[in-house]
Amino acid sequence: MPKIEVDEQAFYRLAGRAIGEEELEPLLAVAKAELDGREPGLLKIELNDTNRPDLWSTAGLARALRVYLGGAIPSYRFFSRRGAPQETGGRSIVVDAALESIRPYIAAFAVAGRSLDEAGLKDLIQTQEKLCWNFGRKRSSIAMGVYSSARIAWPVRYLAADPDATRFVPLGLDSPLSLRRILRDHPKGREFGHLVERFARFPYLADDGGAALSFPPIINSAGLGAVKAGDRELFVELTGTDLRSLLVAASIVACDLCDQGFTILPVAVRYPYDTELGREIVTPFYFQEPVAAESAYAGRLLGVELTAEEAVRAVGRMGCVAAAEGGRITVTVPEYRNDFLHAVDVVEDIMMARGVDAFPPLSPADFTVGRLSPIESLSRRARDLMVGLGYQEMIFNYLGSRRDYCDRMGLPPDGMVSVANPMSESYELVRSSILPALLASEAVSSRAQYPHLIFEIGKVALLDDSDLTGTVTRDNLALLIADREAGFNEVRAHLAAVFYYLGRECIIERTSDPRFIAGRCAGILLGGRRIGLLGEIHPQVLDNWGIQAPCAAAEIDLGALL
Amino acid sequence: MSADLQSLHPLEIKVLRADGSELSAAKLLGKLGLGIGQWNQATSWLLGKGLLEEKERLLRVFYELTELGEAQRTGGTPEERMLRAAEERGAMSLPEIAASAGIESREAGSAFGQLSREGLLALDDRKRVVVAGTTRSKRMETTRALLDRAASGALEEAALSAEELAVIAGISRKRGAGSAAFKIAEREEVVYRLTSEGEAARRQLAEAGSSGEEIGRLTPDLLASGSWRGKSFREYNIAVPPARILVGRRNPYAEFLQWVKDKLVSLGFEEFDGPLVETEFWNGDALFMPQFHAARDIHDVYYVKEPSHAKAIEQPWLDRVAEVHESGGATGSRGWGYRFDRDFTRKLILRSQGTVLSAKQLPKARIPGKYFGIVRCFRYDQVDATHGADFYQTEGIVLGEHVNLRTLLGLLKMFAEEVAGAKEIKYVPGYFPFTEPSIEVHIRHPKLGWFELGGSGIFRPEVTKPLGVDVPVLAWGLGIDRMALMQLGLSDLRELFTGDLEGVRLRRRG
């Protein structure tokens, strides 16, 4: 979840009035936000709705509260629409055909009218970071650059450039580097290089005079791409892989800056290939379709009577212009939002506008029969028997290391489910047996009074080609005795007792297994099928675990007894 | 009786309670019915406890019957045998009478001399031994009495009369006693007396009526013979700490999870379960999480290495879910508007959320229906006190024609009250990719204060309709681990899965 830091004064100014601490916390619920902390003049706020990137900035959050508190729904006049482009004043971006398969989309606008102060610059950088990291999936689908626009020679060219021949001075360095060297030598190159390194040509933004703007989505140039407080004219561009997300992100930044008193100047983007919105898109661009919802449907989902007029008033507090007709409302989606997929999304805005407290809880009235799963019922019977036999129940983790599951057990990893992207060697295999966990427990418990009788009933997973997933999950029972006297016969007797009371006969056959002493190991059969093993743990295995006490153990597929 | 006295052994009690101020083996063994070994044991314990002290050590002289003496006791002394022979067979020469009575000739002379001096035998004119008188001398009678008495134990010098001492002196030797009837033995004996604490103990034992004759362990023999009747039983020191017992026991965390399961069953929920390995399809796609969603990054779930993909996804669910992602299908949604990746959806992962089972339950769920699962999930998280590599999630769904936001709140209220014991409840709008509206429930726990008990919402139609459900479905999840930690007095989630046996043995629910 994104967290932002908000300048308190700027925030209250944009929200229309100061908001006291008592009032702020419940109010933030309207934005699914929580106050995470406070410093003098600074609010730390956590935003929980990942579909509302418009709330991840000072201006965006303030706008939501301002409208909710009764402020007018803002009307932004700089948006182009289908068939109604804005005047661009000659500002345009020409896109290279080769980018279609690399990073096909770009949206941009210029900013003028007042100078950017220190707090505004800081906030703009924060907005950029949150948008590109959370909404833009760590710059893969959205990356953003801000430039001082006074010296830009139009049109700007969005190019697919030769990684080795193209050179410029990146922000933070003094000398020019090739795009490829930037991936290797610049910290941002190392962090985000994986997004472009597989391509033969890299995205590159330069002005008509050939001056570098940036290497999207990696780094700005140290020249045009350096922005400082006091700049009066800015150029903002966003590149990405998903046109609609990109346009929404650009709209969010534009609306935020507009709210702060800047003038937004549209830019035309010219593609040599088709996009879903045509070959020329003047951005910021409004593409959202209206969303309709029946007020009766909303009422049913919310458990209240609701008229269309009431619904219109409610979504209005959430910043949405809506119209009622018959029993239906039609919502015009705000420019900075793209989270209305279905009528339920309108229903939620109605709920948020009214506040959850406006909906009294009602006990569910339907009668249903409660029931445990069959394996849980069986497991409980088995657990009771194990406890009666004097065993302590244990619960262990299901992920473990090759060292524990294979090396120490003297087993190859055959048949085990292994993790392709383990966070560490300690969690690279899903357990296929409970025995390693029981032995790991014994290995750290030598100071506990003997005898040790422990067991676990839990899941294991194994490769199994007969299932669609190529794996199978089983519910196993495993038990271990560690004691001077621990032996095959005791475990056998305990198993026989468990089987007897579960209504089964414990039939065994001689077998061998590297984990057990040869000649003191048996397979456990049910209906002729092997469902488990029992025996005395091999001293080499005990040695591998650093265990000093003799151990006898058994493990069965408990689910087979169902 | 004081705790110290309760710890006295019956032997000690017997000695403490014996009559008299001088306690010695000689005086008490017979009276108390003790063996010398028991006596030694009891006195050494009492000395150790400071209840007894040594009064003095006495040298005591005993006369013990030798083998010769034993033979004389049963067969008669030479004098007795000679006298009897003379009386029975009449006059004989001395060698004749010695042979007849089985007396060696050297003994025969001294025996005859003694008897003739005491006027019992005499020589006639033909030098034959004849009877001269019938009254046995005092000396002979004393000798006989000493022999007979010594049969039941050595004779102590101090217990003999002056006359007896005079007689026994003639028939006893200190060394070379093979030729005498008695051997003289000297023994040192310790005489004890009670200390003042011992006197106090004696008084207390007397007051409590404790004699040391009480029954210790009630045995089958005592029951069979009935000999316990009329006797009392030795009191135990019940202040002694009990021995530690290793009990067979449920794991307290498992017990807590079972308690939650029972609670949910009692509220009408049916339990579901499922495999640890799932597909991206069920773990995310079926829940209408777009494939490009941030939470579906490589760094948020564990992927299975081999096989990396399921062979197929069950139909018709695959086609329907793909359609709803791309265009919304027949759900009334516009969908996410991207090209659904049918390879990605087959990717195998370790289940990252219990909601996957809620999704899988939808095609087979009853309406109305309530379902839950407490299932192990895996998250790509750095393992620390608040994050485990795998952990339990508690999740479920409620299906019904008439469920809505208000019944969702009612359900959360029921959980808060029944499962968490909360009285103060707060509902906050939340965000989950698969529910709309979404609600978080916060509670004021009696001990933990305000915290988020769970997340919930109404499943989006994009989730339910492709899976064949046309009624609203409430989906909920409860975070019960904080309650578990609190109940078990723990602060680290890793402790819930510990292998430390002693720790688990001692752990209990608060």
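Mentor: Buried means under 20% relative accessible area, and exposed means over 50%. Keep in mind that this is a predicted model.

Trainee: OK. Is B:Glu462 buried or exposed?

Mentor: B:Glu462 counts as buried, because its relative accessibility is 1%.

Trainee: Which helix holds B:Glu462?

Mentor: Helix H18 of chain B, residues 461-464.

Trainee: And what does B:Glu462 touch, leaving aside neighbours within four places in sequence?

Mentor: From chain A, B:Glu462 is in contact with A:Leu341 and A:His342. Its contacts in chain B are B:Phe288, B:Val324, B:Thr331 and B:Ser333. With B:Ser333 there is also a side-chain polar contact of 2.7 Å.

Trainee: Switching topic. Where is B:Ile439?

Mentor: B:Ile439 lies in strand S13 of chain B, which covers residues 435-445. Its relative accessible area is 0%, so B:Ile439 is buried.

Trainee: How far apart are the C-alpha atoms of B:Ile439 and B:Asp390?

Mentor: They are separated by 25 Å, with the two residues 49 apart along the chain.

Trainee: Now the cores. How many residues are in the largest nonpolar one?

Mentor: It has 187 residues, and A:Ile45 and A:Phe215 have the most contacts inside it. Helix H7 of chain A, residues 243-259, gives the most to this core, with 11 residues.

Trainee: What does A:Ile45 touch, not counting residues up to four places away in sequence?

Mentor: Among others, A:Pro2, A:Ile4, A:Val6, A:Leu28, A:Leu35 and A:Leu61.

Trainee: And the second core, what does that include?

Mentor: That separate core has 36 residues, including B:Phe272, B:Phe391, B:Ile397 and B:Val473.

Key:
Residues numbered from 1 in each chain as written. Chains lettered and ligands numbered in written order. Predicted model: local features only at pLDDT ≥ 70, side-chain atom pairs only at ≥ 80, totals over all residues. Heavy atoms only, no water. Helix = DSSP H or I, 4+ residues; strand = E, 2+ residues; numbered from the N terminus. Buried < 20%, exposed > 50% of the residue type's maximum accessible area, 1.4 Å probe, protein only. Polar contact = N/O pair within 3.5 Å; in protein donor to acceptor, adjacent residues only side chain to side chain. Contact = heavy atoms within 4.5 Å. Core = buried A, V, L, I, M, F, W, Y, C linked by side-chain atoms within 4.5 Å.
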